[in-house]
Amino acid sequence: MPGQVWQTLAALWRRQSTLMQVFTTIFLSTFFSALPYLLIAVTTSGFIEVFLSRDAVRKLLPRNPVIAVFLVPFFGFFLPLCECGVIPVASRLARKGVPLAVAVVFMLSNPILNPFPFLSTRTAFAFFPQMVTWRMGGAYVIAVSIGLLLLLIGKVDPSLVHIRSYRGGGLWSVLDASPVSRPPNLLHRLAQVITHASMEFFFVGRFFIIGSLAAAAVQTFVPRDILGALAANEPMAVGGMMSFAFLLSVCSEADAFVAATFIRTFPPGALLAFLLFGPMVDIKNLLMMLIAFPKGLVVRLVILIATFVFSVGLAANMWM
Amino acid sequence: MNEQAIGTNAWLRCCVLLALVFLLAIYLAVGTMRILLHPDLLVWQWVSAGVLFVFSTVQIFSSPLANQRTPLWVLLVFLVPVALAVAAPPTKLGADVLDRHGYTTAGRVDPSALFDREVDWLVGDTIVLHDESFFEVIAALQQYPREFRGYQLEMIGFTVPGRGLPDNQTVIARLLVSCHVGCAILAGITAQHSELAALPDDRWVSVRGKLRLAGGADREELILDVDSYSELDTERDPYVFIR
């Protein structure tokens with residue numbers, strides 16, 4: 001009898017340790033694959049902070065914010081970033097005087113409207129080529145609509161969409177309170193870039209790691225079969241796949257391959273919702289957004305994104 | 001905060017970053033990174049290691065920004081990847097991916113590209129699945145089942161039994177990876193053979209058989225009627241990397 005108990009315990013331990021190894025594998029693969037993007041993002045952010053004055057940043061974009069909102073989604077094809085890496089850059093742009101609406105459009109559109117998700121979606125949905133158009137078009141429409149809405153809100157109550165009103169503490173408040181002095185020596189300025197980038201890495205990286213841990217836990221311990229019950233009802237299917245995208249937190253380069261595995265289970269609108277919502281809001285980037293932007297704005301943004309993606313998903317079910 | 005505490009904090013940040021650099025360097029040197037990431041991403045990990053090394057050295061130089069104190073819990077969070085790597089080292093994934101990401105039923109294939117390719121995947125009337133053409137051929141079998149019925153097929157893969165299949169069927173699969181293994185999905189072919197279907201998850205086999213058309217008009221698929229199979233002693237690389 002004690003032998004049997006021991007064997008059962010040993011088997012349980014073996015199973016748990018195997019699961020832990022799977023958990024580590026998924027976590028580390030997510031962490032390492034996004035790490036270069038994150039480092040590029042914080043370094044870019046450092047360059048913007050040290051080398052570009054507020055006036056210079058403003059000159060890079062059209063003076064009219066409405067035109068900028070329509071143009072910014074195309075930047076992803078020149079500066080492709082992942083859904084985590086884009087946040088420090090968008091936040092830095094906003095702090096450098098870019099209208100918040102324009103920075104938000106950049107943040108929402110960049111992870112989808114760039115060459116890598118385009119190619120992976122085209123490959124994974126070859127049986128269903130219109131998915132590429134719907135995904136790219138949907139991301140553009142949603143990002144621009146939210147940008148225009150934020151511009152409108154800003155006209156009514158500027159304090160709601162003004163990043164300077166944020167007193168979040170930590171590094172951001174230090175950076176905002178003490179603008180960088182500009183030494184003439186290039187080497188000194190490069191050293192400032194590195195210092196900025198490294199401190200920002202510690203600031204945003206903590207939430208990226210916590211988010212990746214949560215996503216790996218969901219992937220390891222929550223079977224996807226629980227989604228099957230949602231497939232029968234179209235609105236529930238769309239909502240279910242949005243929730244799944246949030247929890248799974250798969251990067252936007254590879255999510256099309258995961259979505260394609262549901263092609264016979266879920267309606268196309270639900271798959272589209274998965275492909276649109278995940279890169280805009282998932283566990284990892286939500287945590288990062290919460291430290292980069294005012295909490296109230298993030299809450300409103302998530303509600304807006306969810307509403308738009310849900311609507312586009314339902315519309316796609318009718319027309320796809 | 002006194003100067004000594006700030007200095008200690010800067011040194012701790014430096015050590016945490018060096019620990020990450022060390023983990024990256026070890027994984028790249030011993031090949032562990034190859035069971036985590038697409039080979040195309042490996043060069044970027046060297047870049048990451050270099051950038052983190054530069055970041056680590058910057059911490060210990062005096063600077064107004066570096067004088068900010070990073071809370072201890074944040075430093076511990078950055079050590080989590082290292083701690084997990086030591087406590088539960090990464091492993092090759094297998095059949096359990098089906099429960100997380102499912103089984104691919106879609107894929108793009110350009111028939112002309114498939115037939116133009118130099119890789120010898122078709123020998124007479126026998127399809128031989130190589131890593132180099134695995135994704136394209138599997139996609140072609142799913143896309144054009146009628147055209148491939150009656151062909152012989154040879155492949156090496158691991159078993160994925162059960163999960164709604166009849167008792168005498170199993171799936172012989174590999175894992176497709178386009179970015180990192182956290183996004184891997186299963187791809188393979190359903191094989192029919194009573195003894196083969198009795199094998200548990202993740203058993204490596206070499207199979208040979210004939211492709212048969214099955215299923216209704218709305219969902220036709222190819223089943224491999226296995227003529228012969230052999231279990232392989234050594235574990236193979238489960239991943240097929242696609243671009």
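R208(B) is partly exposed, with a relative accessible area of 30%; here, buried means under 20% relative accessible area, exposed over 50%, and partly exposed in between, using a 1.4 Å probe and protein chains only. The side chain of R208(B) meets that of E154(B) in a salt bridge, at 2.2 Å from N to O. The pair ties together parts 54 residues apart in sequence, because R208(B) lies in strand β6 of chain B and E154(B) in strand β3 (residues 152–161) of chain B. E154(B) is likewise partly exposed, at 29% relative accessible area. A salt bridge is taken as a side-chain nitrogen of Lys or Arg within 4 Å of a carboxyl oxygen of Asp or Glu.

The model is predicted, with local features needing pLDDT of at least 70 and side-chain atom pairs counting only at pLDDT 80 or more, while totals for chains, interfaces and linings use all residues. Side-chain values use heavy atoms, leaving out hydrogens and water, residues are numbered from 1 along each chain as its sequence is written, and chains are lettered from A and ligands numbered from 1 in the order in which they are written.

Over all chains, the search of the whole structure returns eight salt bridges. Another of them joins R146(B) to E220(B), with the closest N and O atoms 2.8 Å apart. This pair also links distant parts of the chain: R146(B) belongs to helix α7 (residues 145–148) of chain B, whereas E220(B) sits in the loop between β6 and β7 of chain B, 74 residues apart. R146(B) counts as partly exposed because its relative accessibility is 45%. In chain A, D282(A) forms a salt bridge with K284(A), the closest N and O atoms being 3.6 Å apart. D282(A) and K284(A) are both buried.

Turning to the overall makeup, chain A has 14 helices and zero strands, whereas chain B comes to eight helices and eight strands. Both kinds of element are DSSP runs numbered from the N terminus, with helices (H or I) of at least four residues and strands (E) of at least two. Of the 320 residues of chain A, 56% count as buried; in chain B, buried residues make up 50% of 243. The accessible surface of chain A is about 12,700 Å², 70% of it belonging to carbon and sulfur atoms. For chain B the corresponding surface is about 11,100 Å², with 55% on carbon and sulfur atoms. These areas come from the Shrake-Rupley method with a 1.4 Å probe, and for residues only the protein chains shown count as cover.

Contacts, defined as heavy atoms within 4.5 Å, can be sorted by separation in sequence. Among contacts between residues at least 6 apart in sequence, 84% in chain A join residues at least 24 apart, and in chain B the share is 70%.

One helix of chain A is worth a look. Helix α4 (residues 86–95) of chain A is mostly covered, with ten of its ten residues buried, among them V86(A), S91(A), R92(A) and R95(A). After α4(A) comes G97(A), whose phi is positive, near 105 degrees.

In chain B, strand β7 (residues 221–231) pairs with strand β5 (residues 185–192) in parallel through three bridges. Strand β6 (residues 204–214) of chain B runs antiparallel to β7(B), and ten bridges join the two. Strands are paired if DSSP finds at least two bridges between them. D225(B) in β7(B) is the bridge partner of Q192(B), and K210(B) also stands opposite D225(B).

The largest nonpolar core has 175 residues, and those with the most contacts inside it are F32(A), F125(A), F201(A), F293(A), L52(B) and L141(B). Helix α1 (residues 2–51) of chain A gives the most to this core, with 15 residues. Such a core is a set of buried Ala, Val, Leu, Ile, Met, Phe, Trp, Tyr and Cys residues joined through side-chain atoms within 4.5 Å. Leaving aside residues up to four places away in sequence, L141(B) touches I127(B), F148(B), L153(B), I189(B), L211(B) and L222(B).

Finally, the two chains meet: 57 residues of chain A are in contact with 64 residues of chain B. Together they bury about 5,200 Å², 76% of it on carbon and sulfur atoms, where buried area is the accessible area (1.4 Å probe) that two parts lose on being put together, summed over both.
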